[in-house]
Amino acid sequence: MANWTDCLNFGISLCKQASEVVLTAFQQQKDVKLKSSPADLVTETDQRVEKILIAAIRNRYPEHRFIGEESVAAGERVELTDHPTWIIDPIDGTVNFVHRFPFVAISIAFAVNKQTEFGIVYSCVEDKLFSAQRGRGAFLNGAPLHASGQEDVSRCVVVTEIGAERDDLALSTLTSNIFRLLKLPVHGVRALGTAAVDMCQVAAGGADAYYHIGMHCWDIAAAAIIVKEAGGVVMDTDGSEFDMMSRRVIAASSDAVANRIAQVIQAFPCRRDDEDSDKCVCGAPSVNGV
Ligand code: IPD
């Protein structure tokens with residue numbers, strides 16, 4: 001049975017090369033365009049880096065398939081089949097990139113039979129390369145990573161994101177979730193502006209939990225396996241099994257913390273990543289009966 005290590009190593013070397021493109025552009029003036037909302041941005045560099053990555057991978061693995069943030073923005077469908085599939089976010093943290101806020105990452109996950117085999121998150125400005133392969137542990141620049149193991153939510157630093165949604169329901173849900181967590185209480189709530197790097201903080205033990213509603217599969221697929229391989233837990237915000245297409249995630253240091261957060265937070269409706277865009281928005285208006 002294939003262990004996909006060659007693909008992982010190839011992905012890591014590509015991330016390092018692509019990071020040079022990101023870091024050069026980071027210092028320069030950007031041409032910024034809007035996507036789904038006034039806070040959902042794209043630059044020429046996002047598109048360029050995704051093209052570079054896909055062209056290189058396709059050249060080496062012509063049979064493999066892709067789910068790429070900017071290809072989807074350009075009209076491609078999100079289709080996760082049993083075929084080997086690379087799930088790519090060329091710049092996670094595009095708003096940070098535009099503003100030179102120094103947390104931007106290249107995120108690459110690789111799935112076969114719909115199971116993630118490895119994930120790579122390269123936080124370019126920090127020069128931190130997080131990676132994990134299924135069953136083989138998680139690493140930061142080659143050193144093993146371990147989640148904190150914290151079980152008491154009142155002692156947790158929790159990371160979350162505001163995201164790009166700006167409608168009233170999304171904003172009121174997001175702010176009331178933060179309110180409820182602070183009232184638990186937790187030690188603190190943080191947001192770095194990149195879902196992938198946020199989740200890697202849980203894998204590294206710098207944060208004890210992360211939750212997010214409204215992000216996409218390319219933002220979190222790689223970081224999810226990094227958290228799991230670091231000994232953490234990943235689930236849906238309603239406490240069910242993690243589904244990278246659902247646009248809801250909790251990552252935590254322990255089951256106890258993940259379940260406690262699932263009891264407290266609510267979700268707003270989001271269209272699944274793999275749902276046809278001409279269908280209506282799915283999802284219940286709230287979960288967990290809170
Ligand atoms: C975004 C970042 C951000 C999160 C958004 C994502 P992008 O990804 O991960 O932290 O709040 O929901 O869409 O657009 O910069 O790749």
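1. Strand S4 (residues 85–92) gives the most to the shell around the ligand, with three residues. Strands (E, at least two residues) and helices (H or I, at least four) are DSSP runs, numbered from the N terminus. This is a predicted model: local features need pLDDT of at least 70, side-chain atom pairs pLDDT 80 or more, while totals for chains, interfaces and linings use all residues. Residues are numbered from 1 along each chain as its sequence is written, and side-chain values use heavy atoms, without hydrogens and water.

2. The ligand is surrounded by 14 residues, where near means a heavy atom within 4 Å. Glu-69, Asp-89, Asp-92, Gly-93 and Thr-94 are the closest. Three shell residues are nonpolar, six polar and five charged; Asp, Glu, Lys and Arg count as charged, and Gly as polar.

3. Domain 1 (5–144) and domain 2 (153–283) both give residues to this shell, so the ligand lies between them. The bounds come from an automatic or database domain assignment.

4. Polar contacts are pairs of N or O atoms within 3.5 Å. A ligand oxygen is 2.8 Å from a side-chain N or O atom of Asp-92. For Asp-219, again a side-chain N or O atom, the distance is 3.1 Å. At Thr-94 a polar backbone atom is 2.7 Å from a ligand oxygen. The protein covers 89% of the 380 Å² of accessible area that the ligand has on its own (Shrake-Rupley, 1.4 Å probe).

5. Backbone points to check follow. The peptide bond from Leu-184 to Pro-185 is cis, with omega near 5°. Pro-185 is in the loop between helix H5 (168–183) and strand S11 (188–190). Asn-141, not a glycine, has a positive phi of about 45°.

Key:
A polar contact is a pair of N or O atoms within 3.5 Å; within protein, one must be able to donate a hydrogen and the other to accept it, and residues adjacent in sequence count only if both atoms are side-chain atoms.
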